[in-house]
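I opened the notebook to look up a few local features in this model. My entries follow the order in which I checked them.

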Amino acid sequence: MRRGMRGLLLTAVLGVALTVVGGVVATGAAAAEGAAQHGRPKADRPNIVLLLMDDFSLELLETMPNAQQMKAEGATYRNAFVVDSLCCTSRSSLFTGQAPHHTGVLTNTPNDPENPIGGWKAYEKYGNIDKTFHLALERSGYTTGFTGKLLNGYEVSNVDGVVTAPEPIPGWTEFDPVFGGGYNGWKYRSGHLGADGALELTFHGAPALSRPIAERDAQYATTVTGDKALDFVRRHEKASAAGGAPYFLEVATYGPHSRLAKAYDDNYVFPPAFADRARPGEDRNLGGNCGTKSCGDLTLDDLTGYADDRTDNAPTYLRRDGTTAPAPAWRTNEVTLTDAGALQRYRDRARMVQSIDRLLAQIRAEVGENTYVVLTADNGFHLGQHQLNGGKGTPYDSDTRVPLVVVGPDVVPGERDQLVSNLDLAPTFEELGGLRPASYRDGTSFAHSLSQPRARGSRYTFFEHTFAKSQPGEVDTDEGSGGTIDIIPSYIGVRSERGLLVRFDLDDDWDGTDYAWELYTYEDGFEKRNVYAERHREPWVRDLAARITVFGAGEGCAPLVCRVLTR
């Protein structure tokens, strides 16, 4: 790119970024206290239930009958993405509406305990607790509840055989976390706020295989999470209908994330509830409950781009004189996932989400007309796409695109084309709750589009990922995730309706940079071939590159700039 043209593009983008749009923005302090209210009278503020799934790939949504019914009745955002397709970074951004460069949560694990770069330690150290939307809602009069998986590293401790619960987290009126053993389905602990405000622990075991299926599944992590959620909804729906406080509830399932250890002596890497597994005498891979489809009808053709040759996906260098050159491929892992293995895991994941789908139906049956229900996920999951075995962390659709379906008061059914990020959930929940979104949110509310399907929304969405060698406690080096998280470089990406541009940093040193580019236009429906060398001079690609430069400048874009870059 010529220096002059690049300068003009950056000047244009920065000029837009310095223009305040969308009216007056509340101060962070006022929003955090819930003091700034607008739009909806306090007495009419709605209830909100967020159902957040873990490692949910989009093809699974087609197998969920109740989710399909919800799509037919609600707002479906076809272009919903997460800012980083990694559990802890994504969830931190959801809670705060801030990109990873603002939360300081860059990975799943701390790496350096004194100066953590990820996990709960980073989330806590860098002030994220005070920036959460649920704290703002609680301070404004909402009853807030949480049940299920929180953040990587928020765990019980075991010192000399004494198991101790962590400190509860401000902003949750009722708090029922399920700790990390929940990945395995059984043999885990959950917490509940006691009368003294401390977390009381309960152990959920694995009933013997000789016990009835219903008894075994009563201890299944999705069941326990769901029971806690339904108890909360029943109590607070009744209270809010009688004129009491509105409520917000997050229900965060461990499914369909892979297990870390075997709760039972079986070979389910993705453990479904027993009710959804093949019965004795049935074919292990063909039987069981895959929802809207027979398990045998689920094929690898459903995984868009499965086993695509990756030799034409290597990144591309851009030289100072505007010419290009091949860069080293970063997808260098051995391909160990077989077709048979991928198909079995796909079908097990489909079985695994059926218990979540039933929970969705139960929640919807309990809520009233003044309650929004939101269905989404923390990230996607590749299973043989990109020749990356299984896992997440890439900027590609398999990993970053997630479901986002909303039903509730004044929601007009139908699909929406606006680009939406999980950064946008925090300001949306604040606006639905009658608050002005805090000025430090990097995301933008899409609440207006619930009743106006064609309302103007974001035209760009950004991705930000940080490379770090895995450390003890990293759950995504396990067999189910393919063990390839370590090879994904740091990157910043931007997506528009025309395509995806990603700037990878191939230098894994904290201070050095070795930038190379990948560009995909989705003519084939997935990231089939990097076309950066041929198309990098086109104006729309230059615009994307300029936006990436501004997004990643210095310590990363300021909140106002981050927001305006998406318009």
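I looked up His-386 and found it in the loop between β13 (382-383) and β14 (390-391). Strands here are DSSP runs of E with at least two residues, helices are runs of H or I with at least four, and both are numbered from the N terminus. The model is predicted, so local features need pLDDT of at least 70 and side-chain atom pairs pLDDT 80 or more, while totals for chains, interfaces and linings use all residues. Residues are numbered from 1 along each chain as its sequence is written, and side-chain values use heavy atoms, without hydrogens and water.

Phi of His-386 is near 65 degrees, a positive value in a residue other than glycine. Most residues other than glycine have a negative phi, and most peptide bonds are trans. Is His-386 buried or exposed? His-386 has a relative accessible area of 5%, so it is buried. The cut-offs are under 20% for buried, over 50% for exposed and in between for partly exposed, with a 1.4 Å probe and protein chains only.

Next I checked the loop between β9 (247-252) and β10 (316-318). Ala-307 lies there. Its phi is near 60 degrees, again positive in a residue other than glycine. Ala-307 has 43% relative accessibility and so counts as partly exposed. Pro-256 is in this loop too. A cis peptide bond joins Gly-255 and Pro-256, with omega about -5 degrees.

Then I turned to salt bridges. Side chains of opposite charge can pair when their charged atoms come close. The test is a side-chain nitrogen of Lys or Arg within 4 Å of a carboxyl oxygen of Asp or Glu. How many salt bridges does a search of the whole structure find? The search finds 25.

I took Arg-277 and Asp-266, whose closest N and O atoms are 2.8 Å apart. Both residues sit in the loop between β9 and β10, so the pair ties together parts eleven residues apart in sequence.

Asp-54 is in the loop between β1 (47-53) and α3 (65-73), Arg-91 is in helix α4 (residues 87-96), and they are 37 residues apart. Asp-54 counts as buried at 0% relative accessibility, and Arg-91 counts as buried at 3%.

Helices came next. Two packed helices are described by the angle between their axes and the distance between the axes. Helix α9 (residues 221-241) and helix α10 (residues 339-366) pack at about 5 degrees, with axes 10 Å apart. Axes are lines fitted to C-alpha atoms over the stretch in contact, and angles run from 0 to 180 degrees between N-to-C directions. The two helices are therefore roughly parallel; angles under 35 degrees count as such, over 145 as roughly antiparallel, 65 to 115 as roughly perpendicular and the rest as oblique.

Last, I checked strand β17 (residues 461-465). Five of its five residues are buried, so β17 is largely enclosed by the rest of the structure. Thr-461, Phe-463 and His-465 cover one side, Phe-462 and Glu-464 the other. Five bridges join β17 to strand β18 (residues 490-496), and the two run antiparallel. Strands pair if DSSP finds at least two bridges between them. Phe-463 stands opposite Gly-493 in β18.
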